[in-house]
Amino acid sequence: MGIKRRHRGALAAALLTLALLTATGCPSGSDAPPEPTATPTGSAAVARVCAGPSAGPAQAPAGAVTVDPAVVGDLAAKTRSSPPHTTFWLQPGTHTLDSDRYAQVVPKEGDSYLGASGAVLDGRKTNEYAFSGAAADVTIRYLTVRGFVAPQNEGVVNHDSADGWVIEHATIQDNSGAGLMAGARQRVRANCLRGNGQYGINAYKSGAPVSDLLVEGNEITGNDTDQWERRQPGCGCTGGVKFWAVNGADVRGNWVHDNRGPGLWADTNNNDFRIEDNVLEANDGAALIYETSYNAVIRDNTIRRNDWVEGRNAADRGDDFPYATVYLSESGGEPRIPARTDRIEIYRNVLEDNWSGITLWENADRFCNSPANTSTGDCTLLVKKTDSCSQPTIATPPLYADCRWKTQRVDIHDNRFELDPSVVGCTVKCGRMAVLANYGTYPDWSPYKGEPVAEAITGKQQNRWHDNTYLGPWSFVAHDPSRALDFGQWQGRPYQQDAGSTFRPRTGG
């Protein structure tokens with residue numbers, strides 16, 4: 001935990017909305033939780049889960065233990081006294097735990113919790129955790145969980161990241177910390193994850209990677225109400241969903257919108273992701289950040305009106321970095337790491353009226369064992385011993401290559417990029433594509449000083465745009481932030497990007 005975000009501005013004080021947007025200035029804001037935007041349309045079939053949650057069973061299933069909301073702590077007590085693989089049916093009403101801050105439900109293996117219509121488990125801003133413990137294969141359905149106060153970076157449901165949990169048709173809202181954590185083989189389907197203090201989901205497990213994770217058909221909205229990026233600038237600890245060291249994830253059919261910070265953020269040694277058929281819109285930060293991670297397919301997503309707050313803030317303070325709505329930072333395809341693909345492929349997406357498009361970035365000073373690596377203590381998946389990334393061995397193969405997280409083998413094709421500056425409310429810095437690095441300077445023993453990383457990411461690491469459609473006044477950045485290009489220069493030598501693409505600069509979104 002404690003991984004900090006690179007090249008991102010402090011989170012704005014308020015959510016940007018269309019009603020407050022002006023063509024040239026910054027909008028006024030509000031600290032109130034955001035209201036949902038209009039029903040999404042586009043390639044993804046996404047339901048408004050928060051507006052119409054599914055009703056739970058009106059009667060207790062055969063053999064289920066009935067839980068009485070009038071008895072404080074009844075759910076936790078009956079869980080303790082029942083054998084594994086028990087089904088609990090929570091009657092309509094507000095269920096509570098004992099008043100101790102650490103009072104919580106600790107399921108046994110295979111337990112199931114079903115909420116009747118109107119069943120709520122309320123932490124009353126007193127209890128830290130709702131469901132915790134190491135028991136596997138727990139199921140939670142049709143239950144509203146609210147009012148818990150988990151600390152920063154911790155979660156309310158599945159607090160200990162146990163394996164095999166299924167969370168479906170639940171509403172997890174208005175909690176501190178993360179609404180839920182994730183373990184291996186976890187299934188998160190058709191839930192409303194709304195208005196939580198830090199994340200909707202924090203997919204992290206101490207000491208082990210999370211594998212085989214499914215996040216499908218959820219509405220994930222209005223999270224980071226505690227505005228952690230404002231409280232701890234650069235913490236890298238905000239957004240709709242954060243993934244840490246997840247090996248194998250399918251993220252599909254979700255509506256991720258109006259979150260403070262990014263929508264989806266995979267940070268540090270994630271691998272083998274499929275991010276498809278989602279609607280990602282109106283998030284304060286990027287729609288998607290894929291950082292120091294490997295091998296992903298990003299396809300058939302509708303991505304619109306993202307990064308208006310953070311992108312605008314950076315532009316207003318004079319930052320020339322090409323912030324974008326899809327941001328790949330030290331991430332790429334790596335055939336030596338097993339996955340369903342050996343590259344990062346971004347295709348058949350529609351990006352409409354976001355703050356810029358796609359940025360491929362590699363920090364020359366960030367590598368395993370470097371003090372400039374804010375993923376403190378982490379090394380690449382290709383190096384087993386962090387200490388080996390030091391002089392003199394780091395200056396020679398294979399460590400010269402393997403001690404770096406590299407942005408390589410990224411294939412961006414058959415996407416539609418639309419930009420109408422009058423909708424975004426900008427005239428500069430909001431319509432860029434980029435592939436770049438910085439000039440290496442640090443630490444003194446770094447073998448990557450100077451321009452070799454910028455030259456590699458731009459021309460030697462198989463990063464390609466091709467067969468895309470551009471509508472609007474797009475510009476391009478290559479090698480480093482100072483090299484601004486028009487479409488002809490981007491297509492010409494030495495960059496030779498976007499072969500087969502079409503460019504209509506006078507057409508907006």
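## First stop: an aromatic pair

Select Phe-321 and Tyr-327: both are buried, where buried means under 20% relative accessible area, exposed means over 50% and partly exposed is in between (1.4 Å probe, protein chains only). Before going on, note that this is a predicted model, in which local features need pLDDT of at least 70 and side-chain atom pairs count only at pLDDT 80 or more, while totals for chains, interfaces and linings use all residues. Residues are numbered from 1 along each chain as its sequence is written, and side-chain values use heavy atoms, with hydrogens and water left out.

How are the rings of Phe-321 and Tyr-327 set against each other? Rings of Phe, Tyr and Trp (its six-membered ring) pair if their centres lie within 6.5 Å; planes under 30 degrees apart are called stacked, over 60 edge-to-face, and the rest tilted. By this rule there are 22 aromatic pairs. For Phe-321 and Tyr-327 the centres are 6.0 Å apart and the planes meet at 80°, so the pair is edge-to-face.

Next, pick Trp-465 and Trp-490. Theirs is another edge-to-face pair, with 5.0 Å from centre to centre and 70° between the planes. Trp-465 belongs to strand β33 (residues 464-466) and Trp-490 to helix α7 (residues 487-491), so the pair ties together parts that are 25 residues apart in sequence. Helices (H or I, at least four residues) and strands (E, at least two) are DSSP runs, numbered from the N terminus. Both Trp-465 and Trp-490 are buried.

Now widen the selection: Phe-417, Trp-465, Tyr-470, Trp-474, Phe-476, Phe-487, Trp-490 and Phe-503 make up one aromatic cluster.

## Charges over rings

Select Arg-231 and Trp-228. The charged end of Arg-231 sits over the ring of Trp-228, 3.9 Å from the ring centre. The rule here is that NZ of Lys or CZ of Arg is within 6 Å of the ring centre and within 35 degrees of the ring normal. Arg-366 has its charged end over the ring of Trp-405, 6.0 Å from the centre.

## Along the sheet

Switch to a cartoon view. You are looking for an open sheet of 11 strands with mixed pairing, in the order β8-β11-β14-β17-β20-β23-β26-β29-β32-β35-β36. Which strands stand at the edges? They are β8 (155-157) and β36 (484-485), each with a single partner strand, so one side of each is left without a neighbour in the sheet. Two strands count as paired if DSSP finds at least two bridges between them.

Zoom in on β14 (residues 199-203), where 5 of its 5 residues are buried. Strand β11 (residues 178-181) pairs with β14 in the parallel sense over 3 bridges, and Met-181 stands opposite Asn-202 in β14. β14 also pairs with strand β17 (residues 241-243), again parallel and over 3 bridges. Ala-203 has Phe-243 in β17 as its bridge partner.

Then slide along to strand β26 (residues 326-329), which runs parallel to β29 and is joined to it by 4 bridges. Tyr-327, from the opening stop, stands opposite Thr-359 in β29.

Colour Pro-397 and Pro-398: the peptide bond from Pro-397 to Pro-398 is cis, with omega near 0°. Pro-398 is in the loop between β29 (358-362) and α4 (399-402). Another cis peptide bond joins Arg-493 and Pro-494, with omega about 5°; Pro-494 is in the loop between α7 and β37 (502-504).

Go on to Arg-305, a residue other than glycine with a positive phi, near 55°. Arg-305 lies in the loop between β25 (302-304) and α3 (308-316) and, at 22% relative accessibility, counts as partly exposed. Asp-467 also has a positive phi near 55°. Asp-467 is in the loop between β33 and β34 (469-471), and is partly exposed at 35% relative accessible area.

## Last stop: the cavity

Rolling a probe the size of a water molecule over the atoms shows where empty space is left. On a 1 Å grid over the protein atoms alone, a cavity is a set of points where a 1.4 Å probe fits but cannot get out, and lining residues have an atom within 4 Å of a point. Grid points are joined across faces, edges and corners, and a volume is the space filled by probe spheres set on the points. The structure holds 1 cavity of 30 Å³ or more, and the largest cavity has a volume of about 70 Å³.

To find the largest cavity, select its lining: Ser-293, Tyr-294, Gly-332, Gly-333, Glu-334, Leu-382, Ala-401, Arg-404, Trp-405, Lys-406 and Gln-408.

Conventions
On a 1 Å grid over the protein atoms alone, a cavity is a set of points where a 1.4 Å probe fits but cannot get out, and a pocket is an open set with protein on both sides within 12 Å along at least five of seven lines; lining residues have an atom within 4 Å of a point.
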